[in-house]
Amino acid sequence: MKYARLTKEQFEELHQEFINFLATQSITADEWEDIKKNKPEAAEQELDVFSDLVWYGVLSKVEYLEHISPNQIHLFKCRENDMHLIALKLKEDKTDLTTKEGFQWLRDNLLSDDIEFFNAKKDYSEDKHQDIFKLIQQGANITKGELFQYFEKLIRN
């Protein structure tokens, strides 16, 4: 398995897609029930393959990621050959950026010396999708990129 098995809830959400996946392999509903009962290792393998296909599809579409922790924000723009990172770090633990109040403090004190900005580019390894997946596993969330774009404009000016 390349990524991670989908959760029970995710499988339930993707029930129709999973049925279609089984159908592409000419597995009927009755055959699937038989496989689950009599060949659990084969069933597990089908779940893993489907999970990887779903993850690959999702990872292929990721444009922006953000990871916000109490004293740092990491914003990623996933480009074709590399990732652009904009990071903000509080020099002291003045607030918790994961809270509404902490984020408001950041907005009010953006140009303060208490905040360090970093701007970097990182090439992908041989596997762009795996690199993105690792960031998600570490707590990054897929976003539409509003925060990244806001800070990108701020840094340029």
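**Strands and cores**

Guide: Strand β2 (residues 72-78) and β3 pair in the antiparallel sense, over seven bridges. This is a predicted model: local features need pLDDT of at least 70, side-chain atom pairs count only at pLDDT 80 or more, and totals for chains, interfaces and linings use all residues. Residues are numbered from 1 along each chain as its sequence is written, and side-chain values use heavy atoms, with hydrogens and water left out.

Visitor: What makes two strands a pair?

Guide: Strands (E, at least two residues) are DSSP runs, numbered from the N terminus, as are helices (H or I, at least four). Two strands pair if DSSP finds at least two bridges between them. β2 and β3 have seven, so they pair. Phe76 stands opposite Leu85 in β3. The two strands form a hairpin with three residues between them.

Visitor: Which strand pairs with β3 over nine bridges?

Guide: Strand β4 (residues 115-123), in the antiparallel sense. There, Lys121 is the bridge partner of His84.

Visitor: Why is β3 called largely enclosed?

Guide: Buried means under 20% relative accessible area, exposed over 50%, partly exposed in between (1.4 Å probe, protein chains only). Seven of the nine residues of β3 (residues 82-90) are buried, so the rest of the structure largely encloses this strand.

Visitor: What makes a nonpolar core?

Guide: Buried Ala, Val, Leu, Ile, Met, Phe, Trp, Tyr and Cys residues, joined through side-chain atoms within 4.5 Å. The largest such core has 25 residues. Phe18, Trp32, Leu65 and Ile132 touch the most other members. The largest share, five residues, comes from α4.
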